[in-house]
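Subject: Structure handover

Hello,

Here is the structure I said I would pass on. My notes on it follow below.

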Amino acid sequence: MSARDESTDKIIETVENGLLALRVRNRFGSLLVYRQGAQVVDYTPAGGAPVLFVSRASRLERKKAIRGGVPICFPWFGPHEERKELPAHGFARTSEFEYLGGATSASGEVSLRFGLKAGPATRESFPYDFEAHYEVRLGENLTLVFTVRNTGNVPFTFEAALHTYFAVSDVRQVEVTGLTGESYLDQLSGRVEQEAERAVRISREVDRIYTSRATCHLVDPGLDREIVVSKQGSASTVVWNPWIEKSQRLADLGDDEYLRMLCIESANVRPETIELFPSEAHALQVSIASERLDAERRAG
Ligand code: TA6
């Protein structure tokens, strides 16, 4: 291992697009994380291309959901079951997380810690006491760990998702492997299906909640890379691309941007909703690695 040049390890607190942010740079690459939603919006491995997609039409404004990067969906996923006026995917992604500090390990891995606690605003829609902690680690891979602790005296259930938008060369040319045989809820038809294909390919709107703990591989010949998404504490994998019509309906997504993104989300949603009893905690972890495609895979 080369000697570590400590001068390259940097955690810079900054303001980007009017939002409080942290920039990280080390020998493994670079990150940009907004305090709002503790949302990672850029992860670029050293010598590689950006791994995450952010819509050029995304509104970078306080209290507005950012379309891209890794939104944290919590404490519900999608529309709220009873109260449709509440924001989709919960309040975490538009909440200001507390920055709890950063650290650099002996190997040069940089970790940032964030926190979100229950308060009057959260209790309005989620009447429970909780503490959420989020760790963002830039090392050989990007590792994200979202932990929820029940700090009250009654049990509660919640859904959570790290709603990762991956940047792709052309969504029509990529494939996702690792989900063969897994059952999934097709959110478009409402039916439960089983994945029979060796690889998931995108040629229309896809919105599927797989019941799966498997590691997924996003193979992108156009970018000569394979993104490996491995998980711990996650029993759901959501695969979503809005395709043409939905992209045209989304104000914060360019009409052609569906071609450049694919969501593979590490989650616990719907039948995999989590129940926490007082003092219990649950950690949802995902590790994202960007690797060069070997010659055989490049050949397709
Ligand atoms: O991740 C799948 C999904 O639930 C889709 O149904 C779609 O709504 C997507 O999330 C985007 O959600 P958002 O609230 O970010 O527009």
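Where is the place of Thr94? Thr94 sits in the loop between strand S5 (72-73) and strand S6 (98-104); strands are DSSP runs (E, at least two residues) and are numbered from the N terminus.

Before the rest, two notes on the source. This is a predicted model, in which local features need pLDDT of at least 70 and side-chain atom pairs count only at pLDDT 80 or more, while totals for chains, interfaces and linings use all residues. Residues are numbered from 1 along each chain as its sequence is written, and side-chain values use heavy atoms, with hydrogens and water left out.

Thr94 is buried, with a relative accessible area of 17%. Buried means under 20% relative accessible area, exposed means over 50%, and partly exposed is in between (1.4 Å probe, protein chains only). Not counting residues up to four places away in sequence, Thr94 touches Gln36, Lys63, Lys64 and Ala65; a contact is heavy atoms within 4.5 Å.

Gln39 belongs to strand S4 (residues 39-45) and is buried at 0% relative accessibility. Apart from neighbours within four places in sequence, Gln39 is in contact with several residues, among them Leu32, Ile66, Gly68 and Arg93. The side chain of Gln39 also reaches the backbone oxygen of Gly68 at 2.7 Å. This is a polar contact (a pair of N or O atoms within 3.5 Å; within protein, one must be able to donate a hydrogen and the other to accept it, and residues adjacent in sequence count only if both atoms are side-chain atoms).

Next, the ligand. Of the 13 residues around the ligand, Arg67, Arg93, His163, Asp207 and Glu265 come nearest; a residue is near if one of its heavy atoms lies within 4 Å. Oxygen atoms of the ligand lie 2.8 Å from a polar side-chain atom of Arg67, 2.9 Å from one of His163 and 3.1 Å from a side-chain N or O atom of His89. Taken alone the ligand exposes 390 Å², of which the protein buries 84% (Shrake-Rupley method, 1.4 Å probe).

Last, the cysteines. How many disulfides does a search of the whole structure find? The search finds zero, a disulfide being a pair of cysteine sulfur atoms within 2.5 Å. The sulfur of Cys73 has its closest cysteine sulfur in Cys263, 9.1 Å away, so the two are too far apart for a bond. Cys73 is buried at 0%, and Cys263 is buried at 0% as well.

Regards

Conventions. Helices (H or I, at least four residues) and strands (E, at least two) are DSSP runs, numbered from the N terminus.
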